[in-house]
Amino acid sequence: MTGEASYEGRADGGIRTFPFDASASVCGVGMQIGPMGSDRAWHADAVRRRVHRIDFHLVLLFTGGPVTHMVDFAEYEARAGSLLWVRPGQVHRFSPSDAYAGTALTMQPGFLPRATVEAAGLYRYDLPPLLTPGPAQLTGLQDSLDQLGREYEDTETLPLSLHTAVLRHTLTAFLLRLAHLAARSAEPGQGQADSTFTRFREAVERGFPTNHSVSAYADALGYSRRTLVRAVRAATGQTPKGFIDRRVILEAKRLLAHTDMPIGRIGVAVGFPDAANFSKYFHQHTGATPVAFRAELR
C-alpha cells in the first residue's frame with residue numbers, strides 16, 4: 001500500500017463503516033444498480049477518497065480507466081472490461097482519479113436466499129477482488145447486468161412482490177456468472193466452499209475479536225475438530241487456526257494502517273487485553289512489531 005493512512009474516522013478512532021441505504025433504492029429493495037461516477041458516496045458524510053468499510057457488496061464493471069482502487073492493502077488497477085468485487089467489511093479506498101466509468105451494483109446482505117449465497121460464493125474473501133473476463137465472459141456479464149438494470153428500473157409492469165422476486169432471480173443469474181469467473185481466477189486447490197466452511201467463516205467473522213480457539217468454534221458449530229480441519233483445508237488450503245490468525249492479523253493491520261488508535265486499544269479490539277502479548281503475536285505472524293508496521297506506512 002502506498003500513500004498516507006487517512007481514514008474516515010469514528011468517534012472512537014476506528015474505521016468508519018457505511019451501511020446499505022435501502023431508502024435510496026427503487027421501491028426500497030435490497031440492491032441498487034446504476035452508472036458509477038467520480039462522486040460516488042454512500043452517505044452525506046462520506047469522503048470518497050478516504051479509506052472506509054461498507055456493510056454490503058459492491059461490484060463495479062468498468063467501461064473506462066485505468067483506475068487504481070485499494071482493497072485491504074493491495075492496489076488493483078481496473079481497466080475497461082475489468083470487474084472489481086468489494087465484499088462487506090473489507091477496507092477500501094477510491095482513487096483520486098476521475099476515470100470511474102461503467103456500472104455500479106450494490107447488494108444488501110440478506111437480499112438473496114442462503115442457497116444462492118453459498119452457490120455464488122458471496123463471502124469468499126480468499127478470492128481476488130479484481131476479475132478480468134475474456135470477451136465471451138464479458139459479453140455474458142454485461143448482458144446479464146444490463147437486464148438486471150432494466151428490471152430494477154421497471155416498477156410499472158409487476159406488483160412489488162413479483163418485482164422483487166424477479167430482481168432476485170436476475171441478480172442470481174449475474175452473480176453465478178461472476179462466481180464462475182472468480183472461481184477460475186482462484187489459486188489451484190481453492191474450490192467451492194461447502195456449508196461447513198461457510199458456517200465456520202461466519203462464526204469467525206463474528207467471534208474473532210474475542211475467540212481464537214479452534215475447539216471453541218468446533219463445539220459451538222457442532223462439528224468435530226477433524227471435520228472442521230477437512231472443510232477449511234478443502235476451501236482455503238489453510239488450517240482452521242491459520243484461518244483465524246489471518247483474520248485477526250488482517251483486522252490489526254487495518255486498524256494500525258488506517259486509524260490513530262493506540263496500540264493497546266487495537267490489541268484489545270482483536271482479542272489481546274495485554275499489549276505485550278498482542279505485540280508478540282503480531283510480530284510472530286508478520287515479522288514486524290505493531291509500532292514498526294504502522295511507522296512504515298506513515
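Residues are numbered from 1 along each chain as its sequence is written. In this predicted model, local features need pLDDT of at least 70, side-chain atom pairs count only at pLDDT 80 or more, and totals for chains, interfaces and linings use all residues, while side-chain values use heavy atoms, without hydrogens and water.

**The helix pair**

Helices here are DSSP runs (H or I, at least four residues), numbered from the N terminus. The axes of α4 and α6 (residues 225-236), which are lines fitted to C-alpha atoms over the stretch in contact, come within 9 Å and cross at roughly 95 degrees. The two helices, α4 and α6, are therefore roughly perpendicular (65 to 115 degrees, on a scale from 0 to 180 between N-to-C directions). Contact means heavy atoms within 4.5 Å. The table lists the residues that meet.

| Helix | Residues in the contact |
|---|---|
| α4 | Thr196, Phe197, Phe200 |
| α6 | Thr227, Leu228, Ala231, Val232, Ala235, Thr236 |

By class, this contact of α4 with α6 has six nonpolar, three polar and no charged residues. Ala, Val, Leu, Ile, Met, Phe, Trp, Tyr, Cys and Pro count as nonpolar, Asp, Glu, Lys and Arg as charged, and the others, Gly among them, as polar.

**His285**

His285 belongs to helix α9 (residues 275-286). Leaving aside residues up to four places away in sequence, His285 touches Asp245 and Ile249. The C-alpha atoms of His285 and Asp245 are 8.1 Å apart in space, although the two residues are 40 residues apart in sequence.

Note on methods
Angles under 35 degrees count as roughly parallel, over 145 as roughly antiparallel, 65 to 115 as roughly perpendicular and the rest as oblique.
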